[in-house]
Amino acid sequence: MKEKEKIMKEQLEKIYSDASADIEKAVNTKDLEDIKNKYLSRKGEFNEIKKGLKDLSIEDKKVVGALANEITQKLESAIADKFKLFYEKELNEKLQKERLDVTMPGQFIPKGHTHLLTSTTEEICSIFRSLGFSVVEDEFAPEVETEYYNFDMLNVPKDHPARDVQDTFFTNVAPNVVLRSQTSGAQIHAMEAKKPPIRIIAPGRVYRNENINSRKNNFFHQIEGLYVDKGITFGDLKGVLNEFIRIYFGESRPTRFRNSFFPFTEPSAEVDVQCIMCQGKGCRTCSGTGWLEILGAGMVDPNVLRGVDIDPDVYSGFAFGVGVERLAMLKYAVDDIRLFFNNDVRFTAQFK
Ligand code: DAH
């Protein structure tokens with residue numbers, strides 16, 4: 001039995017010296033894990049030898065067993081010491097490599113902004129709000145209308161050319177359903193829903209069957225205004241619109257009220273401002289006249305008031321309709337209405 005003991009001792013010492021040499025050569029935590037697996041795991045060389053202990057006498061078992069334990073502990077602690085060293089080094093390297101420089105400039109993400117038409121609409125609405133008007137939308141100003149609201153109730157004769165398919169888009173929903181050609185229908189909706197005093201504006205999109213060019217598109221935007229109360233006069237109309245123009249253009253621009261005709265107002269007027277391109281001298285933009293038309297307006301026709309059961313002998317009112325594109329073009333010298341709709345950022349980005 002002594003012989004067996006001797007052989008086992010030698011085997012253990014051999015493993016110890018092999019493992020020690022391997023530990024010596026290890027350069028990182030991975031090497032050390034491998035060594036641990038090779039020698040100390042359940043299937044490792046060390047365990048194989050330990051299995052032979054059962055064949056030894058009790059006394060030899062004690063001696064060889066103690067040696068085996070001692071060697072295991074030595075190897076484990078040698079591996080652990082080195083592991084700690086490598087682990088710290090590797091961790092530091094990793095931290096260095098993955099370090100975040102929070103002072104580095106960020107990546108630029110372009111931010112969107114309001115479209116010029118939206119900001120112009122908002123600006124116009126806020127001016128009229130400051131003049132005591134409230135903004136109505138949606139239920140008082142639907143984009144899909146009946147001829148009843150778009151024409152009939154606005155006193156537009158049955159044979160008026162505006163009702164022609166050449167000017168107005170009819171839908172196939174029903175024969176009398178149109179894409180509204182003007183926001184003026186909002187006047188009717190408002191007067192049906194409320195009793196005077198009524199002081200509203202209604203912004204929205206309108207559609208017309210136009211040949212598209214630099215001045216005309218087949219849809220565009222209007223803001224309708226309506227003020228109905230006792231004793232409203234043409235003087236009130238002029239006062240409100242002049243004040244609006246002064247605030248919108250930021251200065252008192254020469255303005256003129258020109259006699260005109262709309263079926264739903266009597267008397268009617270169109271309002272011109274002095275051309276901003278030529279300051280009234282006459283140029284291509286204003287066709288040499290020195291003036292640019294910005295809106296239609298007038299005193300609400302008694303027929304229209306009667307249609308919504310408002311007594312024209314007690315109440316009177318004025319109405320107006322402004323073109324949003326027109327006002328934006330005049331203020332920012334935009335020379336083609338199509339620029340608003342083809343979404344070229346070189347254009348839109350100029351109006352942050
Ligand atoms: N609806 C008219 C148009 O589209 C503009 C207009 C003129 C509106 C006179 C009004 C008004 O309210 O009183 O040409």
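Trainee: Leaving aside its neighbours within four places in sequence, which residues is Thr-120 in contact with?

Mentor: The model is a predicted one. In it, Thr-120 is in contact with Tyr-248, Val-324, Ala-328 and Tyr-332, once neighbours within four places in sequence are set aside. Thr-120 itself belongs to helix α5.

Trainee: Is Thr-120 buried or exposed?

Mentor: Thr-120 is buried, for its relative accessible area is 0%, and buried means under 20%. Consider also Glu-325: this residue and Thr-120 are 205 residues apart in sequence, yet 8.4 Å separates their C-alpha atoms in space.

Trainee: Which residues are linked in a network of salt bridges?

Mentor: The network links Arg-256, Arg-258, Glu-270 and Asp-272. Within it, the side chains of Asp-272 and Arg-256 meet in a salt bridge of 2.8 Å, N to O. Asp-272 lies in strand β7 (residues 265–274) and Arg-256 in strand β6 (residues 255–262), so this pair ties together parts that are 16 residues apart in sequence. Arg-258 also forms a salt bridge with Asp-272, the closest N and O atoms again being 2.8 Å apart. That pair likewise links strand β6, which holds Arg-258, with strand β7, which holds Asp-272, across 14 residues.

Trainee: Is Asp-272 buried or exposed?

Mentor: Asp-272 is buried, with a relative accessible area of 1%.

Trainee: Let us turn to helices. Why is helix α7 described as largely enclosed by the rest of the structure?

Mentor: The description follows from burial: 7 of the 9 residues of α7 (residues 185–193) are buried, so the helix is largely enclosed by the rest of the structure. The buried residues are Gly-185, Ala-186, Gln-187, Ile-188, His-189, Ala-190 and Met-191. Among the elements covering them are the strands β2 (144–146), β4 (198–207), β5 (219–229) and β9 (316–323), together with the helices α6 (147–150) and α9 (302–307).

Trainee: How do the axes of helix α2 and helix α4 cross?

Mentor: A general point comes before the case. An α-helix has 3.6 residues a turn, so residues three or four places apart point the same way. In this model, the axes of α2 (residues 29–40) and α4 (residues 58–97) come within 9 Å and cross at roughly 160°. That angle makes α2 roughly antiparallel to α4, because angles over 145 degrees count as such. The crossing of these two helices is left-handed.

Trainee: Which residues meet there?

Mentor: From α2 come Thr-29, Leu-32, Glu-33, Ile-35, Lys-36 and Leu-40, which meet residues of α4 including Leu-75, Ile-79, Phe-83 and Phe-86.

Trainee: Finally, how is the protein chain divided into domains?

Mentor: The chain is divided into domain 1 (2–97) and domain 2 (116–351). The C-alpha centres of domain 1 and domain 2 lie 93 Å apart.

Definitions and conventions. Residues numbered from 1 in each chain as written. Predicted model: local features only at pLDDT ≥ 70, side-chain atom pairs only at ≥ 80, totals over all residues. Heavy atoms only, no water. Domains from an automatic or database assignment. Salt bridge = Lys/Arg side-chain N within 4 Å of Asp/Glu carboxyl O. Helix = DSSP H or I, 4+ residues; strand = E, 2+ residues; numbered from the N terminus. Buried < 20%, exposed > 50% of the residue type's maximum accessible area, 1.4 Å probe, protein only. Contact = heavy atoms within 4.5 Å. Axes fitted to C-alpha atoms, helices over the stretch in contact; angles between N-to-C directions. Parallel < 35°, antiparallel > 145°, perpendicular 65-115°, else oblique. Left-handed = near helix turned anticlockwise from the far one by under 90°.
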